[in-house]
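This briefing covers a ligand site and the domains around it. Please look at the sequence and the structure first.

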Amino acid sequence: MAPRFQPDDTLYKRRNTLKVEYVPDDIVGRDNEIEEYEAALQPIINGEYPDNIFIYGKTGVGKTAVTNFLLNELRESAEHFGVDLSVISLNCDGLSTSYQAAISLVNNLREPEHHIAETGHPQSKVYRLLWDELNKLSGTVIIVLDEIDHITDDTFLYQITRADNNGYIDNIQLGLIGISNDSTFREQLDAKVQSSLCETEISFPPYGTEELQKVLEQRADIAFHENAIEDGVISLCAALGRQDGGDARRAITLLRKAGDLARAENAETVTTDHVERAQEKLEAQQSMDIMRDLTEHEQLTLYALTTLAAESATPARSRVVYQLRVARDARLRGRRRT
Ligand SMILES: Nc1ncnc2c1ncn2[C@@H]1O[C@H](COP(=O)(O)OP(=O)(O)O)[C@@H](O)[C@H]1O
Ligand SMILES: [Mg+2]
């Protein structure tokens, strides 16, 4: 008998390039933002004191991709012109306090065998260790804090933006790049931190259909074989991606899901029908994710409302919704006990 799983690559050339982790070599459709970003990074190549930069915009609008791309270019240019430059990147996803961020940064700067424990140090010691590590470097040091909005207190940003003025660091010229998915993050900062972190602000707006089309075309070229995608597939993914908030990550995922559907059906090409069905699946998945995050009370209210809507009984008075909710709750509890 033939093996159950057989390699098949009639549609995909490199499916991995449609995965979230893939870093594109080239950025398309973000020319204005790149120009502003470049100008903000220019002092570094001149050997001048770097500006702090604050980047903000919704998820999937290219903040991380553009930052990685430009910092790679900056490293190459620095090497070419003999500029002493170190870039330290920290993703704050999974961290929630300044304390954790400071420890992560210390460990980022140390060899694995000299990492410090994630808890149990006095705060002052953690910052002292951080200044020690930074003072071992020379020239310009750029610290990139991606998804900075996960850090819920100001201490870390306060300390690091004041480190030079306070005489904690000497040998180096320190610059900070903060990237946030939450545009309200800046307003929550202490006024002093805000004015120093946000010396230069660059906003990344959601992608329009045309820009999504460019991003998708570029990605499809490397991901799929020639002629594997029918006309209209890319523009449909772009239009749906625009509707869903101009998020390139979601648009690329939609293209991959459409490709996967086509492959599962042994189709010769990816069609707009595959895209439409993939979109339905993604939407259902999203609704599930949202519902899972609701509290039990919210879930019950949603249940009551959808029941009423199914009976064409909406809009309904809150009393009616509440009665249905209580009845459903009682039934659920009864079932759990048995
Ligand atoms: N302008 C672009 N050109 C090419 N790929 C892009 C572009 N913008 C975003 N992407 C891709 O879309 C996905 C989301 O982008 P990302 O930079 O992670 O968004 P953000 O950091 O704003 O949430 C990534 O896979 C990225 O490679
Ligand atoms: Mg990002």
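Which helices each supply at least two residues of the shell around ligand 1? They are α2 (63-80), α7 (209-223) and α9 (248-264); helices are DSSP runs of H or I with at least four residues, numbered from the N terminus. This is a predicted model, in which local features need pLDDT of at least 70, side-chain atom pairs count only at pLDDT 80 or more, and totals for chains, interfaces and linings use all residues. Residues are numbered from 1 along each chain as written, chains are lettered from A and ligands numbered from 1 in written order, and side-chain values use heavy atoms, without hydrogens and water.

**Shell**
- Ligand 1 is surrounded by 22 residues, the closest being V28, G60, T64, A65 and Y207 (a residue counts if one of its heavy atoms lies within 4 Å).
- By class, the shell holds 11 nonpolar, five polar and six charged residues; Asp, Glu, Lys and Arg count as charged, Ala, Val, Leu, Ile, Met, Phe, Trp, Tyr, Cys and Pro as nonpolar, and the others, Gly among them, as polar.

**Atom pairs with the ligand**
- A nitrogen atom of ligand 1 lies 2.7 Å from a backbone N or O atom of V28.
- An oxygen atom of ligand 1 is 2.8 Å from a side-chain N or O atom of K63.
- For A65, a backbone N or O atom lies 2.8 Å from an oxygen atom of ligand 1.

**Domains**
- The assignment, from an automatic or database source, gives domain 1 (30-203), domain 2 (207-292) and domain 3 (295-337).
- Ligand 1 lies between domain 1 and domain 2 because both give residues to its shell.
- The C-alpha centres of domain 2 and domain 3 are 35 Å apart.

Conventions
Polar contact = N/O pair within 3.5 Å; in protein donor to acceptor, adjacent residues only side chain to side chain.
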